[in-house]
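Here is a short note for a colleague who is opening this structure for the first time. Please read the points beside the model.

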Amino acid sequence: MPFVRGDLADLCRTDRVEPGIGLAEAQQQLHERLARAIPTPGEAARHFAEAGLPREAYAAARRAAATAATPGERALHLGLAAACATGAEADGLRLPASSALIEAGRSEEALLLLARVESRDPLARAGARLLEYRAADALHLPERARAAWADARALAEGTGDDVEVLVSIESAAVAANLDRDPAEALRRAEAAHELARARGRHLH
């Protein structure tokens, strides 16, 4: 851990650990000490997570995301916060965090996060499957990408929600990138444009 030095390095001494506990518990204690001593919320969040303290990790990761210097850094912090989130708010963070991870080129992490989406709401599930399509496509997993997109389309079709427009837009990419059918890709792109216009959405 290159950031551990001076007083922080002293926290890693094994003689600071309570006697009579196992290795795993000792490591958790050390991680917690580091988390409470490190001033940067991003590093603290990771140590809280390693210490088995998801609530503290979530709070620190959210603070780190709010002050991140780059989109990629923000995506990493959001991903950790989403992984530690619980309750009704969890899926509401997992979806945007997964999207940010995909944009940052961390699609494997996005897939792991999407696997934890618990909502049974059809629109939330459609959004999750659409993101899974994007992540799988970025990782060159064509069969998984195709299956995820098909699920997203089935869940979103006829809902009138924005996610239906997004699925329609991606359908052109499916035809172009997975099916290698430029004529069908053009037809789907035109259909997506018409659907977006009918819904009052503007495509750029």
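1. Accessible areas here come from the Shrake-Rupley method with a 1.4 Å probe; for residues, only the protein chains shown count as cover. On that basis the accessible surface of the protein is about 11600 Å². Carbon and sulfur atoms hold 53% of that surface.

2. This is a predicted model: local features need pLDDT of at least 70, side-chain atom pairs count only at pLDDT 80 or more, and totals for chains, interfaces and linings use all residues. Residues are numbered from 1 along each chain as its sequence is written, and side-chain values use heavy atoms, with hydrogens and water left out.

3. The protein has eleven helices and zero strands. Both kinds of element are DSSP runs numbered from the N terminus: helices are H or I with at least four residues, strands are E with at least two. Of the 204 residues, 40% count as buried. Buried means under 20% relative accessible area, exposed over 50%, and partly exposed in between (1.4 Å probe, protein chains only). A contact means heavy atoms within 4.5 Å. Among contacts with a separation of 6 or more, 43% join residues 24 or more positions apart.

4. Look at aspartate 179. This residue sits in the loop between α10 (162-178) and α11 (182-198). Aspartate 179 is partly exposed, because its relative accessibility is 34%. Leaving aside residues up to four places away in sequence, aspartate 179 touches Arg146, Val174 and Arg188. Arginine 146 is 33 residues away along the chain, yet the two C-alpha atoms are separated by 9.5 Å. The side chains of aspartate 179 and arginine 146 make a polar contact at 2.4 Å. Such a contact is a pair of N or O atoms within 3.5 Å; within protein, one must be able to donate a hydrogen and the other to accept it, and residues adjacent in sequence count only if both atoms are side-chain atoms.

5. The structure holds twelve salt bridges. Each is a side-chain nitrogen of Lys or Arg within 4 Å of a carboxyl oxygen of Asp or Glu. Glutamate 184 pairs with arginine 187 at 2.6 Å, N to O. Glutamate 184 also pairs with arginine 188, at 2.9 Å. Arginine 187 is partly exposed at 46%, whereas arginine 188 is buried at 15%.

6. In helix α8 (residues 122-138), glutamate 132 and arginine 129 lie three residues apart, about one turn. Their salt bridge has its closest N and O atoms 2.3 Å apart. Glutamate 132 is buried, with a relative accessible area of 13%.
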